[in-house]
Amino acid sequence: MSSSGSSYGDIHRYEPARESTAAAIAIVLLTLVEVVFVGLFAYGLINGWGTIELGNMFLGGVLAVVFIDLAFILLLYRKEFLPDVMIVKKRRRKWEDLYIREDQVDGVGATSEGMTESIKRAIHPYYKR
């Protein structure tokens with residue numbers, strides 16, 4: 001679904017999420033696997049598996065599986081349950097990114113009155129009234 005509005009903040013494209021049952025079941029199963037591996041990692045830390053020679057590698061592998069599983073859960077959730085929305089954003093010019101006025105794009109001289117005024121404006125909030 002597209003709209004013809006082109007003002008700032010208008011929704012340009014909105015596609016609702018699919019919300020499939022298979023994705024929901026996959027997320028639940030991946031969450032159960034996540035809980036098992038987090039429990040295994042916690043059990044390994046409590047029992048000191050990290051002190052033996054290969055224990056650190058084993059615990060590191062379990063922690064890697066935990067984060068990879070979490071990445072798949074988040075990937076499925078984003079793909080299947082969040083809508084695809086594109087909004088119209090305001091196009092900004094180069095000097096607007098620098099937070100300066102349009103008449104100051106070319107800069108000001110070091111001896112000009114504008115330079116001292118800009119320094120006063122920059123320092124003024126730090127003075128006590």
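Me: Is glutamate 80 buried or exposed, and why is it called that?

Reply: Buried: its relative accessible area is 11%, and buried means under 20%, with exposed over 50% and partly exposed in between (1.4 Å probe, protein chains only). Keep in mind that this is a predicted model, where local features need pLDDT of at least 70, side-chain atom pairs count only at pLDDT 80 or more, and totals for chains, interfaces and linings use all residues. Residues are numbered from 1 along each chain as its sequence is written, and side-chain values use heavy atoms, leaving out hydrogens and water.

Me: What makes glutamate 80 and arginine 18 a salt bridge?

Reply: Their side chains meet at 3.8 Å, N to O, and the rule asks for a side-chain nitrogen of Lys or Arg within 4 Å of a carboxyl oxygen of Asp or Glu. So the pair qualifies. It ties together distant parts of the chain, 62 residues apart: glutamate 80 sits in helix α2, arginine 18 in the loop between β1 (11-15) and α1.

Me: Why is arginine 18 called exposed?

Reply: Because its relative accessibility is 57%, and that falls on the exposed side of the cut-offs above.

Me: How do you know how α1 and α2 are oriented to each other?

Reply: The axes of α1 (residues 21-46) and α2 (residues 55-81) come within 9 Å and cross at roughly 160 degrees. Angles over 145 count as roughly antiparallel, under 35 as roughly parallel, 65 to 115 as roughly perpendicular and the rest as oblique, so α1 is roughly antiparallel to α2.

Methods
Axes fitted to C-alpha atoms, helices over the stretch in contact; angles between N-to-C directions. Helix = DSSP H or I, 4+ residues; strand = E, 2+ residues; numbered from the N terminus.
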